[in-house]
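Welcome! Please take a look at the sequence and the 3D structure, and then read on for a short tour.

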Amino acid sequence: MTYTKNDGNSSAYSNEFFNNEWRIYQKVLNNNYLRHGEIYSILHKLLVNYFQKSFSMLDLGCGDCTFITQALLNTTITEYQGVDLSESALKIARSNMASLDCEKNFIQGNFLEVVPELVNQRHDRFDIIVASYALHHLSFEQKDLMIGQLASLLQAGGAFILIDVVRRKEEVREVFMKRYLEGVRKHWSLLTPQEYLMTENHISSQDFPETQEALYEISRKHNFTRAECLYCDPLDVIQLLCFYR
């Protein structure tokens with residue numbers, strides 16, 4: 001759940017989010033409402049089985065790296081690069097990642113700006129790119145452009161991992177949002193009424209998920225060779241998708 005605002009005050013917005021809403025986000029994580037436990041366990045198994053040799057990772061909207069650190073334990077990672085709007089979150093991320101024996105670099109900024117810079121700099125390509133609860137804030141056109149840019153940053157044989165909310169086939173946003181928020185209201189039971197209202201407002205105004213079919217179509221357009229869904233939550237809202245280069 002990355003809080004992204006596409007304007008000139010990204011850093012200020014990020015700090016405001018961290019100060020005012022980080023507590024809610026931590027409650028969501030600690031109670032596994034977004035299925036981080038299951039998802040990052042599957043991601044860990046993928047990293048161990050798919051990357052027998054050393055690999056590098058770009059992590060978009062990395063936050064404080066609590067879960068990605070767990071997924072990277074006992075893997076062959078040699079280089080990690082995390083991007084997030086919040087310097088406060090990145091400060092915690094540096095501490096959480098300290099135990100990992102690999103090169104680490106953290107960039108404070110909007111990934112919509114950082115990724116094109118990496119492309120323009122002809123940055124060394126990554127073996128795996130992860131975007132966790134980040135792309136659903138973008139329009140379809142922005143997702144298309146971003147996935148194309150990510151494809152150019154991947155090594156041959158690399159993979160793009162998308163962890164996000166995904167609409168059912170032919171399900172319009174309004175129907176998805178109603179179904180999603182009904183699930184939040186029913187199952188995110190430890191949120192206070194005020195916390196629920198803040199969460200509902202964020203989801204209603206910031207979330208623009210695509211269907212799995214639309215994401216697969218974008219991936220084919222940008223020459224990913226195949227795609228698969230490695231996890232779908234019981235409410236059919238959250239998916240872990242893997243796109244292979």
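Which residue in β7 is the bridge partner of phenylalanine 160? The partner is phenylalanine 243. This is a predicted model, in which local features need pLDDT of at least 70, side-chain atom pairs count only at pLDDT 80 or more, and totals for chains, interfaces and linings use all residues. Residues are numbered from 1 along each chain as its sequence is written, and side-chain values use heavy atoms, leaving out hydrogens and water.

**Strand β7 and its partners**
- Helices (H or I, at least four residues) and strands (E, at least two) are DSSP runs, numbered from the N terminus.
- Strand β5 (residues 154–165) runs antiparallel to β7, and 7 bridges join the two; strands pair if DSSP finds at least two bridges between them.
- Strand β6 (residues 226–232) also pairs with β7 in the antiparallel sense, over 6 bridges.
- Cysteine 232 has glutamine 239 as its bridge partner in β7.
- A hairpin is formed by β6 and β7, with 5 residues between them, and aspartate 236 in its turn has a positive phi of about 60°.

**How β7 is covered**
- In β7 (residues 238–244), 7 of 7 residues are buried (under 20% relative accessible area, with a 1.4 Å probe and protein chains only).
- In a regular strand, side chains alternate between the two faces of the sheet.
- One side of β7 has Ile238, Leu240, Cys242 and Tyr244, the other has Gln239, Leu241 and Phe243, and all are buried.

**Serine 219**
- Serine 219 lies in helix α9 (residues 212–221) and is buried, with a relative accessible area of 3%.
- Leaving aside neighbours within four places in sequence, serine 219 is in contact (heavy atoms within 4.5 Å) with Phe224, Ala227 and Phe243.

Technical notes. Buried < 20%, exposed > 50% of the residue type's maximum accessible area, 1.4 Å probe, protein only.
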